[in-house]
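Q: I would like to learn how to read a few features of a protein model. Can we take them one at a time?

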Amino acid sequence: LKVLDLGSNNLQSEGFNVMFRALHDNPIECLRCNRCGIESIEIDSDHIPKHLTGLYLDGNNINTDGCRGLAKLLQGGDSTLTELYLYGNKIGDDGVEILVNALQNNTSLADLSLKGNNEISIEGMKACLRLVNDIAGIKATLQSNHTMKYLDVKEAYGLLTPVVKIQLQISDSLEINHDYEDDLEVAGKE
């Protein structure tokens, strides 16, 4: 069993946290808990699933506290997570900042979806842009996260509003990272 889909079950936070800890030595690679009523997430760094590469938590009620738990998962030096989908939760700018800080040195997560979190403002989007392309200086640019390939925060269509412009800049930065991922010198990894 490599995929565990518990979507649309009423796990709630407590059920998710107990189940997540139980997956520590399990071969599960993909966990789908969409629409399960999850708000907060408690990650015990001693019980992070060793083989988990995909975590799908769309349509829950995850907020800033939930992001703190997810940050522990993303900061772990042995993090295997490559995909994290948080579409349609209750994540705002503070939650985004927590995730961005956790991803500064993460070298595994390639895909992150935050779409449908309507509390994310232009400030949260700017934090995401800094994550993948910090232009504060040459050193900051080199230390940007070059592992990410997909980071979707807001729908990027319609008029070129500031929000759409930032999403397009994020997408452009990720495309550049992807184009040069095999060139360690250009990616600042050498």
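A: Start with the cavity lining: Val96, Leu99, Val100, Leu103, Leu112, Leu114, Cys128, Leu131 and Leu151 line the largest cavity. This is a predicted model, where local features need pLDDT of at least 70, side-chain atom pairs count only at pLDDT 80 or more, and totals for chains, interfaces and linings use all residues. Residues are numbered from 1 along each chain as its sequence is written, and side-chain values use heavy atoms, without hydrogens and water.

Q: What volume does the largest cavity have?
A: Rolling a probe the size of a water molecule over the atoms shows where empty space is left. On a 1 Å grid over the protein atoms alone, a cavity is a set of points where a 1.4 Å probe fits but cannot get out; lining residues have an atom within 4 Å of a point. Points join across faces, edges and corners, and the volume is the space filled by probe spheres set on them. Here the largest cavity has about 30 Å³. The count is one cavity of 30 Å³ or more.

Q: Which elements give two or more residues to its lining?
A: Helices (H or I, at least four residues) and strands (E, at least two) are DSSP runs, numbered from the N terminus. The elements in question are helix H3 (93-103) and helix H4 (122-132). H3 provides the largest share, four residues.

Q: How many lining residues are nonpolar, polar or charged?
A: Ala, Val, Leu, Ile, Met, Phe, Trp, Tyr, Cys and Pro count as nonpolar; Asp, Glu, Lys and Arg as charged; the others, Gly among them, as polar. The lining has nine nonpolar, no polar and no charged residues.

Q: What is the strand order in the open sheet?
A: Strands of a sheet pair through backbone hydrogen bonds, either parallel or antiparallel. Pairing requires at least two DSSP bridges between two strands. Six strands run in the order S1-S2-S3-S4-S5-S6, with parallel pairing. Strand S1 (3-5) and strand S6 (150-152) are the edges, each pairing on one side only. S1 joins strand S2 (residues 30-32) by three bridges. Asp5 has Arg32 in S2 as its bridge partner.

Q: Where does the charged end of Arg32 sit?
A: A charge sits over a ring if NZ of Lys or CZ of Arg is within 6 Å of the ring centre and within 35 degrees of the ring normal. For Arg32, the ring is that of Tyr56, with the centre 4.2 Å away.

Q: Which residues have a positive phi without being glycine?
A: Among them are Ser8, at about 65°, and Arg35, near 55°. Ser8 is in the loop between S1 and helix H1 (12-22). Arg35 lies in the loop between S2 and strand S3 (54-56).

Definitions and conventions. On a 1 Å grid over the protein atoms alone, a cavity is a set of points where a 1.4 Å probe fits but cannot get out, and a pocket is an open set with protein on both sides within 12 Å along at least five of seven lines; lining residues have an atom within 4 Å of a point.
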